[in-house]
Amino acid sequence: MDIKQKVENLQSEIEKFEISNKEQLESFRIKFIGSKGALKELFSELKNVPNELKKTAGNIINSLKQQTEELYSAKKEALEMAYEKKESLDFSRPGEPVEIGANHPISLVRSEIISIFERIGYTVSEGPEIEDDWHNFSALNFPPEHPARDMQDTFFVEQGRQEMALRTHTSSVQVRVMENSTPPIRTISPGRVYRNEAISARAHCFFHQVEGLYIDKDVSFADLKQTLLYFAKELFGEKAQIRLRPSYFPFTEPSAEVDVSCTICSGKGCNVCKYTGWLEILGCGMVDPNVLEACGIDSEEFTGFAFGMGIERIAQLKYRVNDLRLYSENDLRFLKQFKSAH
Ligand code: DAH
């Protein structure tokens, strides 16, 4: 094989050589450029080349040498750059944050109320949102045409041929529970309720309530007060106080409205409690004997208390939300603020 052929063979070998890491780069250098490499060997073969061809042969070997060295430096530089790039990745940096959702403030408060009552033995019960007259009104001692029905503006809907109502309160669930179980009964009923109201910051056509019911032998008003005091302290802190004001509900007798000492000024007086030191949180009373009888419970043997509160109202006090519309507008700027609360 003449020297020209050898140069061509070596050239194609050089071009095919794979260099994709530092080890391969070094093998390349040793094999072709190094002091015992293929190019050196070619040069040493020059002495066997006839004199008149020596110059041309020397030139082609030289130009291959140059090419090979250039290829080597180019590959070396590329590998170093890739390596530096890798080096510039800082693996100790925090990762990309993964967006996770937040619980809705109404869900947060509902869960908290449920867990407070579960700790003292209450179960959770639910009923339908489309209710008949009996469960929403009649069984709760609202006689037909009684003006107390106007206390709550009702949405009426047709279901089949029957006129139904969107429940105006979760008190309808206490009727269902009493009809379907025997005392002792200790239950709370969270749920959505509807009222035919113009929507504003202070009123909405739907909102959420939690109803409470306790029926047993010898249940007294003192039990009611103590239960509500426990609830207020669990929800608003050990310093919370309650006061009861006489009120009227058709389904309880006597009835009361309950205030909690202002959570903002601790009772000293501020603009949230309108300088009274107190905030209204719920209605309650001893279950009227007419209601017990209507639900098939002997009012001679059993007594009980009931209470009902608005979840939005409690959330408003806990989170200082002063516009009811925010709860149902799905504005992420509002909802995101409750992320850390859970
Ligand atoms: N149902 C009443 C309302 O929606 C709240 C209420 C008051 C519930 C007194 C009760 C109660 O169980 O005893 O305004």
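Visitor: Let's begin with Asp218: where is its place in the chain?
Guide: Helices (H or I, at least four residues) and strands (E, at least two) are DSSP runs, numbered from the N terminus. On that count, the place of Asp218 is in the loop between strand 6 and helix 8 (221-236).

Visitor: Before we go on, what pLDDT do local features need here?
Guide: Residues are numbered from 1 along each chain as its sequence is written, and side-chain values use heavy atoms, with hydrogens and water left out. This is a predicted model, where totals for chains, interfaces and linings use all residues, side-chain atom pairs count only at pLDDT 80 or more, and local features need pLDDT of at least 70.

Visitor: Back to Asp218: is it buried or exposed?
Guide: Buried means under 20% relative accessible area, exposed over 50%, and partly exposed in between (1.4 Å probe, protein chains only). Asp218 has a positive phi of about 60 degrees although it isn't a glycine. With 71% relative accessibility, Asp218 counts as exposed.

Visitor: And which loop holds Glu145?
Guide: Glu145 is a residue other than glycine with a positive phi, near 65 degrees. Its relative accessibility is 76%, so Glu145 counts as exposed. You'll find Glu145 in the loop between helix 6 and strand 3 (156-159).

Visitor: How far is the side chain of Arg195 from an oxygen atom of the ligand?
Guide: A polar contact is a pair of N or O atoms within 3.5 Å; within protein, one must be able to donate a hydrogen and the other to accept it, and residues adjacent in sequence count only if both atoms are side-chain atoms. His169 has a polar side-chain atom 3.0 Å from a ligand nitrogen, and a backbone N or O atom of Ala306 lies 3.2 Å from a ligand oxygen. For Arg195, the distance from a side-chain N or O atom to an oxygen atom of the ligand is 2.9 Å.

Visitor: How far apart in space are Phe32 and Lys233?
Guide: Phe32 is in helix 2 (residues 22-33), and its relative accessible area of 0% makes it buried. Phe32 and Lys233 are 201 residues apart in sequence, and C-alpha to C-alpha the distance in space is 85 Å.

Visitor: What is the radius of gyration of the chain?
Guide: The chain has eleven helices and ten strands. The globule rule gives 20 Å for 342 residues, and the chain is well over that, so it is more spread out than a compact globule, with a radius of gyration of 42 Å.

Conventions:
Rg over C-alpha atoms; globule rule 2.2 N^0.38 Å.
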